[in-house]
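Subject: The structure, and some notes on it

Dear colleague,

I am passing the structure on to you with this email. Please open it beside the text below, and look up each residue as you reach it.

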Amino acid sequence: MLKSSQIDPNNYLIKQLPKATAFLNKKLEVIYASDQWIEDFEFSNGKVIGKKIGELLTHLSKDLQKDFKDCLKGNNGSGIKECYNVKDNPKKWNEWTNIPWYDEKENIIGVIVQTESITQKINNIPNIERLQLLIEEKSSNSSIGSWQYDAELNSLWWCEMSKQIHEVPKDFAPKIETFIDFFKEGHSKNTISMAFFEASEKGISWKEELQIVTEKGNEKWIITTGKPIYKNDKCIGLVGTFQDINEQVITNKKTEENELLLRTLIDSLPMNVFVKDLDSRKILVNKSELNFLGLKHESEALGKTDFDFLNKKNAQIGREEDIMVMENGIPMLKKETTNIKKDGTTTSFLTSKIPIKGANGKITGLVGLSLDISDLKKKEEELKNLINVTSLQNKKLVNFAHIVSHNLRSHTANFSMLLEFLVSEKDEEEKQNLINMLVEASDHLLETLNNLNEVVVINTNVNLKKQNICLNKKIKSVEKNLSVFLKNKNVNIINNIGDNVKIKAIPAYLDSILTNFFTNSVMYKSPDRDPIIKLSSSSENGYTILSISDNGLGIDLKKYGDKLFGMYKTFHNNPDAKGIGLFLAKNQIEAMNGKITTSSEVGKGTTFNIHFNENN
Amino acid sequence: MKIINSIFIIDDDPITVFGIRKMLDRTVEFNTISTYGNGKLALDGILKVLKNGKAIPEVIFLDINMPIMDGWQFLEEFIVLPIEEKVRINIVTSSIDPADYENWGHYNDKSHHLITFNTKPIKCSEIAAITKPAE
């Protein structure tokens, strides 16, 4: 039977089996074999049947040999994984499933062998190991631990990292109660309880940032996730992760705190702080700067430039400063700047701009600090004005002191001299002459004192208030008072002033001023022509200007300009000139915060421009 | 004492002119005294003297504060005149302004003439000393 096996129908049947199968007799000689088996082991066809398995496969393992023996004894084989080299091929792996071969009478007549190529499976094993290692590595590096919950068994499993995170020993056996108990009382515990419930009952996954208290009592921030697992639409458990983010959270909190501190600091600084990028766009502004810009929220200023807030010329200057600072890397320190906003409000700043360098040393923008010094400037201006006023007053005082000393001294010197003569004079006639001169000197002294007194009154009388006066009305009243004098001298007054022109002046001073200038014009009239006085008015820089032009002698201002309004200064051979009229007029004009300018041409005439201050 | 040929008094105050004249009459021998009411008149007088080839004054009493041309303006013009002789110029002023004193120093340095600074009143006892012609 065995010999005719080649034509045995059994053989033909077995030959076609889809799996690699072989029938070995008790001597472990191949009786039947499927083509698949022959192919798997790459045996040459025809040289297999009748050959001993040990001849076909030279390095049969002891396990396999033992397995064959077990089968021959009537035991089922135990599934052997066997490796062997096929020709030049790398290792090939097969799993052997051997069972006893019985005949019809249940006698063991050999072994039925079935093999399955598991080369690919075996080769995959290291991959899985590698993957596992990788996961472990990853979990320890990223501090992510995993957990599983089996609902049926009500058992919880933590990976090693999970145990590390909770600071429990390696042999710690977590339970579902402890899982929740580790979370900090309050928000964390409530949140996880709810999440756990929602996941198991409603199938909702979670990802929460919560605090746990570890076995050692340390508080820690973790991210925990959970996800239900389903089998046949039934939740059979949960899987999830723990991630230790304590350092991150603490760092973040610290950073947040630092940022808050910095923000509070720059917002509380009594100066404008701003950060600009290379295009001079604002990327940070503090509260003072916001207030200056008239904005409420930083977002309204971010990304904008000075051109959005300041007038164009002003913004251009700022941009040029920015470019200088950012191109040269040299800070601009404490520069006095004036910022004019689009609505015209002007603010003076002491501004510094400091370049900001990035990590690579390249300039990325600038930080600006501007101190509002408008108040300071205003005070400085006030101080300057005060100094001007004071020095002017002082100058006047010194001037006045000289006038007093000079004019009084000249008279007293005369007294002294005349008295010296008188004492030693014998001649009665000469004595009388000297006495006459003394009387004359006394009269002069009295007059001088009166004049000086008048000046003192003008400069010290602060009680006289300026009033709104219709200029023409006053001119007409002065003309009337001087009518006889003017008529006698054939004076023609041409008045071009409108009736609506009003000035602010002290009435008595205005009377005196007009009288003095009118008589002055007549006194210094040209001998060749009758006097003409032209009056006109204009307005300029807060002053109403009264111009009085005459066609008189004129005066060489180059020679006499600085003395024109001096006391007792006369410039023509005029016996009536006392050199007091213009001096007094000037004092009165200045006492009303006005000023006077003069133009003159010798032989043609003089124009006085009297500036009346429109303010009180 | 040598007789002084010509003396100028330049002052707009008639009492001062009278006083100086009177003191000179008493103490000094001279030929002529000319008086001028301001610097301009005096300058015109001197120019006339120069033009006519007559003797220029040896002593001038000069007031500072005068109309039209004051003492300083007179000096400014006088010191540049072609006068070789050393003229004595006595500034006589009631001013005690330091600026006037400085001005005097300025002209004194600039000129070859003898310029003195005197404050009013001039005493009889002093007049002879300041009327000695410059040497």
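F8(B) and Y36(B) are both buried, and please keep in mind, here and throughout, that this is a predicted model. Their ring centres lie 4.9 Å apart with the planes at 50°, so the pair counts as tilted. F8(B) belongs to strand β1 (residues 4-10) of chain B and Y36(B) to strand β2 (residues 30-36) of chain B, and the pair thus links distant parts of the chain, 28 residues apart.

A search of the whole structure gives 26 aromatic pairs over all chains. Another of the pairs, that of F196(A) and W206(A), has its ring centres 6.1 Å apart and its planes at 45°, so this pair is tilted. Because F196(A) lies in helix α8 (residues 187-202) of chain A and W206(A) in strand β8 (residues 206-213) of chain A, the pair ties together parts that are 10 residues apart in sequence. With a relative accessibility of 9%, F196(A) counts as buried, and W206(A), at 6%, counts as buried. F196(A) and W206(A) also belong to one aromatic cluster, whose members include W147(A), Y149(A), W158(A) and F172(A).

The charged end of K341(A) sits over the ring of F292(A), at 5.1 Å from its centre, while K22(B), from chain B, lies over the face of F421(A), 5.7 Å from the ring centre.

The next element to look at is helix α11 (residues 312-328) of chain A, which has 17 residues and reaches 24 Å from its first C-alpha to its last, close to the 24 Å expected at 1.5 Å a residue. Which residues of α11(A) are buried? They are N314(A), A315(A), G318(A), E321(A), D322(A), V325(A) and M326(A). Seen down the axis of α11(A), these buried residues fall within an arc of 125°, so they line one face of the helix. What covers the buried residues of α11(A) includes the strands β11 (272-277), β13 (332-340), β14 (346-357) and β15 (363-372) of chain A. On the other side of α11(A), K312(A), K313(A), M324(A) and E327(A) are exposed. Just after α11(A) comes G329(A), which takes a positive phi of about 70°.

Positive phi values also turn up in residues other than glycine. One such residue is S280(A), with a phi of about 65°, which lies in the loop between β11 and β12 (282-285) of chain A. Is S280(A) buried or exposed? Its relative accessible area is 4%, and a residue under 20% counts as buried, so S280(A) is buried. In chain B, I68(B) has a positive phi near 65° and is likewise not a glycine; I68(B) is found in the loop between β3 (59-62) and α3 (71-78) of chain B, and at 10% relative accessibility I68(B) counts as buried.

A cis peptide bond joins K120(B) and P121(B), with omega at about -5°, and P121(B) lies in the loop between β5 (114-119) and α5 (124-127) of chain B.

Methods: Residues numbered from 1 in each chain as written. Chains lettered and ligands numbered in written order. Predicted model: local features only at pLDDT ≥ 70, side-chain atom pairs only at ≥ 80, totals over all residues. Heavy atoms only, no water. Helix = DSSP H or I, 4+ residues; strand = E, 2+ residues; numbered from the N terminus. Expected span 1.5 Å × (residues − 1). Buried < 20%, exposed > 50% of the residue type's maximum accessible area, 1.4 Å probe, protein only. Arc of directions from axis to C-beta. Contact = heavy atoms within 4.5 Å. Phe/Tyr/Trp six-rings, centres within 6.5 Å; stacked < 30°, edge-to-face > 60°. Lys NZ or Arg CZ within 6 Å of the ring centre and 35° of its normal.
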